[in-house]
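Okay everyone, thanks for coming.

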Amino acid sequence: MELIEHWIGGSSTAGTSGRRGPVYNPATGAQTAEVVLASTEDVSSAVRTAKAAFAEWKDSPLTRRQNIMFAFRNLVVEHKLDLARALTSEHGKTLDDSLGEVQRGLEVIEFACNIAHLLKGDYSEQVSQGVDTYTVRHPRGVVAGITPFNFPTMVPMWMYPMAIACGNTFVLKPSEKDPSTSLMAAEMLQQAGLPDGVFNVLHGDKEAVDGLLEHPDVAAVSFVGSTPIARYINETGTRNGKVVQALGGAKNHMIVLPDADMDLAADAAVSAGYGSAGERCMAISVVVTVGDAADQLLPKVQERIDALKVAPGEEEGAEMGPLVTEIHRDKVASYIAAGEESGATLVRDGRTATLPSDGFFLGPTLFDNVERNMSIYTDEIFGPVLSVVRTGTYEEAIDMINENPYGNGTAVFTNDGGAARKFQQEIEVGMVGINVPIPVPLAFYSFGGWKDSNFGSHGIYGPEGIHFYTRQKVLISRWPDPIHRGVDLGFPQHG
Ligand code: NAD
């Protein structure tokens with residue numbers, strides 16, 4: 001059985017804990033590898049290595065950092081398919097989804113290639129007689145990144161290219177469920193010329209995370225994962241004196257007004273609800289219909305669900321793969337049972353769909369007439385289960401979203417500009433789509449939800465990433481004009 005090891009100081013190591021976790025191919029259900037799980041001692045070794053590398057890396061010229069990022073970018077482009085294949089084999093998503101994931105990560109690397117421009121400070125001349133004020137941004141030191149299973153390549157790329165380009169060194173603790181592509185990235189960074197120790201990968205579970213949160217030499221923590229853990233990371237990290245970015249879970253709603261383009265809305269509901277088997281923090285989980293929109297929309301959604309090809313991610317034409325683990329698949333299936341018991345109308349039942357016989361598959365599920373007190377509405381299911389809540393008015397639909405504790409992403413489908421503008425102004429959610437179901441910002445904006453979907457001080461990547469991974473120094477200098485003061489400078493004056 002393959003053993004997946006840590007990457008510390010530019011080479012692989014099994015660490016000291018002796019503990020290991022299983023890695024599966026979700027499409028077959030077979031265990032394919034074991035991953036080492038770090039001890040507190042392993043955390044210390046990774047942080048010590050990153051701290052030692054910081055001493056030089058923080059002073060590396062910006063042009064050198066850019067050249068390394070460009071070289072890394074080219075290697076990721078060259079190995080895009082290899083990364084996508086490895087990703088599909090551990091996560092289960094379709095190869096197309098995996099290629100899309102690598103592409104979105106690549107865009108952040110490309111943004112980080114621009115670091116010389118992004119780190120420019122401000123300058124104000126003559127704020128008082130002979131006095132100038134200017135700002136520079138310094139890296140923070142050792143940054144820890146802790147990432148979820150659902151985007152094992154992209155989410156780490158939201159973090160480390162930015163952090164490293166800013167002059168920090170990095171210890172990545174990827175999800176133990178799909179750890180391999182982080183190691184592929186580590187090898188590519190080394191090949192791109194990044195000095196050993198600047199980027200390290202430490203596999204593990206709670207023990208590794210707690211070790212990082214408590215380590216005095218970790219200056220900043222970037223986290224993406226579920227809401228309870230994001231809250232814990234934010235509280236524990238800040239208590240230990242670190243700056244923390246902590247993005248949490250979601251329950252994303254999409255409003256459909258009766259005047260919407262129903263084909264566009266049905267395409268959106270199905271791709272955003274079932275894409276990546278619903279294991280996306282920006283997945284649409286609730287479709288909120290207004291007036292008679294449900295009667296127009298639902299037949300179109302059902303038609304599309306019935307045509308969805310659920311198959312192993314590598315298979316030609318696959319549109320939805322398996323869930324990540326058997327435990328997770330069974331948990332999602334238990335929500336279908338709970339929805340049925342609570343009285344929602346089960347329109348399509350993923351448990352009885354025709355599915356591949358092996359692996360952790362569950363078919364797309366659709367509920368109608370969902371009420372706000374049902375667990376299929378209140379909980380983040382993180383699977384291919386879409387709920388329809390029918391409302392009488394647009395105001396009721398907006399209030400429902402604003403009263404939900406989560407605030408990651410949302411969308412409205414309408415052909416009325418005024419209705420869209422009302423949504424844009426009134427909705428209390430961090431990322432908003434207008435006739436766009438998954439409004440993920442490109443790399444030159446920042447990503448981040450509101451309320452229980454985002455703790456900590458900053459959103460991720462883009463301008464907020466630069467601010468998070470650096471601290472600002474303000475300089476105020478006074479240099480009175482020496483000629484006016486009659487000072488002999490001791491060298492020939494020209495002119
Ligand atoms: P998770 O919270 O279970 O795990 C995330 C990370 O935290 C992993 O590295 C894991 O090893 C670690 N972890 C797990 N339990 C821990 C504990 N008790 N103490 C310390 N560390 C712990 O999340 P997941 O299941 O891997 O990923 C899915 C979740 O991530 C969903 O809730 C999804 O919405 C969220 N997510 C959010 C975003 C976003 O941008 N807001 C993006 C992707 C995923």
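Before I point at anything, a word on angles: the axes I'll mention are lines fitted to C-alpha atoms, for helices over the stretch in contact, and the angles run from 0 to 180 degrees between N-to-C directions. And please keep in mind that this is a predicted model.

Let's start with helix H14, residues 394-403, and helix H15, residues 417-426. They pack at an angle of about 25°, and their axes are 11 Å apart. Angles under 35 degrees count as roughly parallel, so H14 and H15 are roughly parallel to each other. H14 passes H15 in a right-handed crossing. So who's touching whom? On the H14 side we have Tyr-394, Glu-395, Ile-398, Ile-401 and Asn-402, and on the H15 side Ala-419, Ala-420, Lys-422, Phe-423 and Glu-426. Sorted by class, that contact has six nonpolar residues, one polar and three charged.

The crossing here is left-handed. H2 brings Met-69, Phe-72, Arg-73, Val-76 and Val-77 to the contact, while H4 brings Val-102, Leu-106, Ile-109, Glu-110 and Ala-112. By class, that's eight nonpolar residues, two charged and no polar ones.

From H2, Arg-65, Met-69, Phe-72 and Val-76 take part, and they meet Met-157, Tyr-160, Pro-161, Ile-164 and Ala-165 of H6. The classes come out as eight nonpolar, one charged and no polar.

Last stop, the ligand. How many residues surround it? The count is 25, and the closest are Thr-147, Lys-173, Glu-176, Ser-226 and Glu-380. Let me zoom in on some distances. A backbone N or O atom of Thr-147 sits 2.8 Å from a ligand oxygen. For Phe-149, a polar backbone atom is 3.0 Å from an oxygen atom of the ligand. With Glu-380 it's the side chain: one of its N or O atoms is 2.6 Å from a ligand oxygen.

Key: Residues numbered from 1 in each chain as written. Predicted model: local features only at pLDDT ≥ 70, side-chain atom pairs only at ≥ 80, totals over all residues. Heavy atoms only, no water. Left-handed = near helix turned anticlockwise from the far one by under 90°. Helix = DSSP H or I, 4+ residues; strand = E, 2+ residues; numbered from the N terminus. Contact = heavy atoms within 4.5 Å. Nonpolar A, V, L, I, M, F, W, Y, C, P; charged D, E, K, R; others polar. Near = heavy atom within 4 Å. Polar contact = N/O pair within 3.5 Å; in protein donor to acceptor, adjacent residues only side chain to side chain. Parallel < 35°, antiparallel > 145°, perpendicular 65-115°, else oblique.
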